[in-house]
Amino acid sequence: MGSVFDRKDWGVGDAEWDDWHWQLRESWRTAQRVMDALGLRADSEVCRRYPMQATPYYLSLAQSLGVMDPILRQCVASEEELHGGMPDPFGEEAYSPVPRLVHRYPDRALFMTTSRCATHCRHCMRKRNWQCFDGKPSEDVLVAAVDYVSKHREIREILISGGDPLTLDDDDIAHVLKAFATVDHLEMLRIGSRVPVVMPQRLTDSLCEILGGCGKTVWLAAHFNHPAELSEESRLAVERLLRHGVPVVNQSVLLKGVNDDAETLRLLFTGLLKMKVKPYYLFHGDPIEGTMHFRTGVERGLELMAALRNRVSGMAMPAFSFDLPESGGKIRLEPGCELEKAGDGFAFTSFEGRRIIYR
Ligand SMILES: *Cc1c(COP(=O)(O)O)cnc(C)c1O
């Protein structure tokens, strides 16, 4: 199938195309190109509130010029984003002891390295941070986070998240990893990044060497949502990570109009395994401001998981999961499980034993 945004349209050679700095620089101008093609205005309410950004590489994966193309639906602004939802429904801010650090579960904490990304996902779970884009953490912020982790011996693992931590330069990434690697009781670091999907050029040998050689075990959690994203470039990027000893898992989000049918999910999960990526989570959409139109309902998610169960390898099956409100933490549901109806939602028991209603 041909692409609607062919890489030839950019008029650059392989040297630029394969240079992640070029991809990242071009990601803002590229958004304008898509807006022009689809008749969207940069000064529309939705684009002002939630600006568009997409790498040329990611756009080149689109196969049709329409807002329902699975690639474009994930990166093109829609009026639907102006309705409903909450900025921080699971209360991450309430569990932040020092800036940028979230310590919600006993043995692991999350560090938001930057709020910048290479492509703005329209379904972003941290859309609240789009108003104030911060780059790399200041030395004070990093020191305070490492200090907190040093004093909490129960923390085994740090999730290096964002935004996308891998949009930072090699030196800055190395600096953050090394800072956490000095904490003896930490066993591993987990990097959450969409770079393998939207800018695989970023995963150079030198970056993979930094990740694999920082002194702690490093895992990478990627974010593939559709089989059209499983390109040769991505496959090679995963190979480079594996070659440097960094295992890769994937967290997908169930997105209405993108991947909410069993055959698409089957191709996604089995395709991931084929490129040596283990499907880890399939998340139901959180009730986040600006993303409500992507939600399918929990029952639909369970139905899709049930359609795949035992029909594909158990290795291909992620855990179907979502975050409870009231800082209840994650829930995972087995296909075929009984849901307890409660008013217009469902009742769940959190890992701490609280009964919480999910809508
Ligand atoms: C999801 C999440 C984690 C990691 O949970 P896992 O189940 O280990 O993937 C850690 N901290 C926060 C705040 C999270 O939301």
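Visitor: Is Arg-29 buried or exposed?

Guide: Burial is judged by relative accessible area, where buried means under 20%, exposed over 50%, and partly exposed in between, with a 1.4 Å probe and protein chains only; at 56% relative accessibility, Arg-29 counts as exposed. This is a predicted model, in which local features need pLDDT of at least 70 and side-chain atom pairs count only at pLDDT 80 or more, while totals for chains, interfaces and linings use all residues. Residues are numbered from 1 along each chain as its sequence is written, and side-chain values use heavy atoms, with hydrogens and water left out.

Visitor: Which residue forms a salt bridge with Arg-29?

Guide: Side chains of opposite charge can pair when their charged atoms come close. A salt bridge is a side-chain nitrogen of Lys or Arg within 4 Å of a carboxyl oxygen of Asp or Glu, and here the partner of Arg-29 is Glu-26, with the closest N and O atoms 2.7 Å apart. Glu-26 is buried, at a relative accessible area of 10%.

Visitor: How many salt bridges does the structure hold?

Guide: There are 30 of them, including one between Asp-14 and Arg-7, whose closest N and O atoms are 2.7 Å apart. Asp-14 is exposed at 52% relative accessibility, whereas Arg-7 is partly exposed, with a relative accessible area of 31%.

Visitor: What lies 2.7 Å from an oxygen atom of the ligand?

Guide: A polar contact is a pair of N or O atoms within 3.5 Å; in this structure a polar side-chain atom of Arg-108 lies at that distance of 2.7 Å from a ligand oxygen, and one of Arg-190 lies 2.8 Å from an oxygen atom of the ligand.

Key:
A polar contact is a pair of N or O atoms within 3.5 Å; within protein, one must be able to donate a hydrogen and the other to accept it, and residues adjacent in sequence count only if both atoms are side-chain atoms.
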